[in-house]
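I opened the model to look up helix packing and aromatic pairs. My entries follow.

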Amino acid sequence: MVRQSLVRLASTASHGASLKPAPMALLPPIPLYRRLFRAHRKHLPAEMRILGDEYIKSEFRLHRNIDNPVHLIGFLTEWQLYAQKIEGNSWAGEKIEEGKLQKMSEEQIHQMYELMQAIQKHRGGQSDT
């Protein structure tokens, strides 16, 4: 009986468990909104903070009246992951995952392109490509 339990435990540990962290609990919108601004205030230089704060305000305003729970969960999840990256200083130089890029609509891709242009313009490297 003990041997069967150990075998079951070992098989569960090798198949079911991974090195990924446990799933995070989603913050409600208002605490997440505040957390994002705190993260910007603590971890971003002033010029990046201005751009980031305006982007957060704009996105939360645009998504204020989301009715679809799947969209709401996706929205909150991505912003919470963003907050964790900013707080952990692991955001610099990071690229968008290919899977996320493929799931984006044309409008979202265009919005990302405009954001990239705004960043380049701000840095002084005005690129028309």
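At what angle do helix 2 and helix 3 pack, and how far apart are their axes? I get about 170° and 9 Å for helix 2 (residues 29-43) and helix 3 (residues 46-62). Because angles over 145 degrees count as roughly antiparallel, helix 2 is roughly antiparallel to helix 3. Axes are lines fitted to C-alpha atoms over the stretch in contact, with angles from 0 to 180 degrees between N-to-C directions; helices are DSSP runs (H or I, at least four residues), numbered from the N terminus.

The model is predicted, with local features needing pLDDT of at least 70 and side-chain atom pairs 80 or more, while totals for chains, interfaces and linings use all residues. Residues are numbered from 1 along each chain as its sequence is written, and side-chain values use heavy atoms, without hydrogens and water.

I listed the contact (heavy atoms within 4.5 Å). On the helix 2 side I found Leu36 and Phe37, among others, and on the helix 3 side residues including Ile56 and Phe60.

Next I searched for aromatic pairs (ring centres within 6.5 Å, the six-membered ring for Trp; planes under 30 degrees apart stacked, over 60 edge-to-face, the rest tilted). The whole structure has seven. Tyrosine 55 and tryptophan 79 are tilted, at 6.1 Å and 45°. This pair ties together parts 24 residues apart in sequence, since tyrosine 55 lies in helix 3 and tryptophan 79 in helix 4 (residues 69-87).

I also checked burial (buried under 20% relative accessible area, exposed over 50%, partly exposed in between; 1.4 Å probe, protein chains only). Tyrosine 55 is partly exposed at 25%, and tryptophan 79 is buried at 10%.

Conventions: Helices (H or I, at least four residues) and strands (E, at least two) are DSSP runs, numbered from the N terminus. Angles under 35 degrees count as roughly parallel, over 145 as roughly antiparallel, 65 to 115 as roughly perpendicular and the rest as oblique.
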